[in-house]
Amino acid sequence: MSVSATTASRSLWGDAWRRLKKNRMALVCGWIVLGIILFSILGPYLVPGDATSQDIGLGAAGPSSSHWLGTDTRGRDMLVRTMIGGRIALLVGLVGTVVALIIGVTWGAVAAYVGGKVDEAMMRVVDVLYAFPTVVFVIVIMALFDTRNIFVLFALLGAISWLNMARIVRGQVMSLRSREFVEAARAMGVPTRSILFKHIVPNTIGVIIVYSTLSLPSVMLREAFLSFLGLGVQAPLASWGTLVTEGASQILVYPWILVGPGVVMSLTIFALNFLGDGLRDALDPQMRK
């Protein structure tokens with residue numbers, strides 16, 4: 001990369017960072033997301049007890065100095081369970097989003113660059129899948145293979161979340177494939193694969209980052225819905241989705257079982273959505289002056 005290209009790249013990201021800093025809500029939400037990640041990863045090491053230790057004699061006790069978020073019906077500390085559940089929920093969102101990006105970026109980029117009948121056929125597949133109830137697809141696959149494996153769940157959640165990314169990347173690649181730097185690469189005999197994945201796709205990174213941030217809460221919500229149906233993360237593991245499901249069934253008697261994980265999960269989804277909106281505004285080419 002030339003000096004001028006490097007300078008332009010730095011200027012682009014520098015301008016985006018300056019615009020993002022002006023969006024106070026997005027910055028606050030970014031710090032909230034970072035705080036929740038640290039809460040989930042480091043928290044269990046700083047709080048006594050673990051998520052599986054039971055105290056049947058204590059049972060469901062309200063919040064106290066010993067148990068800040070109370071305990072569940074088996075005497076397990078809800079603060080620790082919420083922290084451990086955060087690890088699983090964030091891992092579900094991250095892995096599902098990565099799977100969706102790999103499939104969606106590859107599918108959309110190839111369809112747009114090749115064009116013609118190949119593009120038509122590939123995007124008709126996307127249209128058909130859009131019409132299919134994706135959550136039902138996950139339920140059918142897990143029931144068909146009679147599996148509750150957490151890695152299968154991750155893969156399936158990613159496999160149903162790539163459609164929007166494919167369309168977004170396709171639009172970006174179509175606008176870039178006739179640009180001067182692409183024509184220059186073709187004239188120099190650069191292989192098609194290198195042109196697509198080393199020259200064109202990197203120029204869509206801003207859109208990919210924005211969509212990834214917005215896709216995380218979507219994947220987490222799908223996992224929570226599957227947990228509500230009994231098809232999510234299975235015991236002894238627990239995600240925010242399973243904790244919320246457990247709490248919802250006992251909300252009238254022991255409301256604190258729902259409040260802790262419910263508030264943390266809602267705050268995470270809220271913060272990720274606002275951070276995604278802020279990144280979209282910061283990286284929007286139309287806003288660059």
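Here are a few worked exercises on the structure shown above.

This is a predicted model, where local features need pLDDT of at least 70 and side-chain atom pairs count only at pLDDT 80 or more, while totals for chains, interfaces and linings use all residues. Residues are numbered from 1 along each chain as its sequence is written, and side-chain values use heavy atoms, with hydrogens and water left out.

**Exercise 1. Work out how many helices and strands the protein has.**

Start with the rule: helices are DSSP runs of H or I with at least four residues, strands are runs of E with at least two, and numbering goes from the N terminus. Counting that way gives 13 helices and zero strands. Next, the overall dimensions: the C-alpha trace spans about 75 × 45 × 25 Å along its principal axes. Last, burial: 40% of the 289 residues count as buried (under 20% relative accessible area; exposed is over 50%, partly exposed in between, with a 1.4 Å probe and protein chains only).

**Exercise 2. Decide whether T82 is buried or exposed, and find what it touches.**

Then check its accessibility: T82 counts as buried because its relative accessibility is 0%. Now list the partners, skipping residues up to four places away in sequence: T82 touches F39, L69, W240, L243, G260, P261 and V264. Contact here means heavy atoms within 4.5 Å.

**Exercise 3. Find which residues of the largest nonpolar core touch the most other members.**

A nonpolar core is a set of buried Ala, Val, Leu, Ile, Met, Phe, Trp, Tyr and Cys residues joined through side-chain atoms within 4.5 Å. Of the 22 residues in the largest one, the answer is L20, M220, W240, M265 and L279. As for who supplies it, α1, α2, α11, α12 and α13 each give at least two residues, and α13 gives the most, with nine. Zoom in on M265: leaving aside neighbours within four places in sequence, M265 is in contact with M220, L221, A224, W240, G241 and V244. Apart from this core lies another, of 17 residues, including M165, V169, L176 and L196.

**Exercise 4. Describe how α9 and α10 pack.**

Two packed helices are described by the angle and the distance between their axes. For α9 (residues 180–187) and α10 (residues 192–200), the axes come within 11 Å and cross at roughly 145° (lines fitted to C-alpha atoms over the stretch in contact, with angles from 0 to 180 degrees between N-to-C directions). Now the residues: F181, V182, A185 and R186 in α9 meet I195, H199 and I200 in α10.
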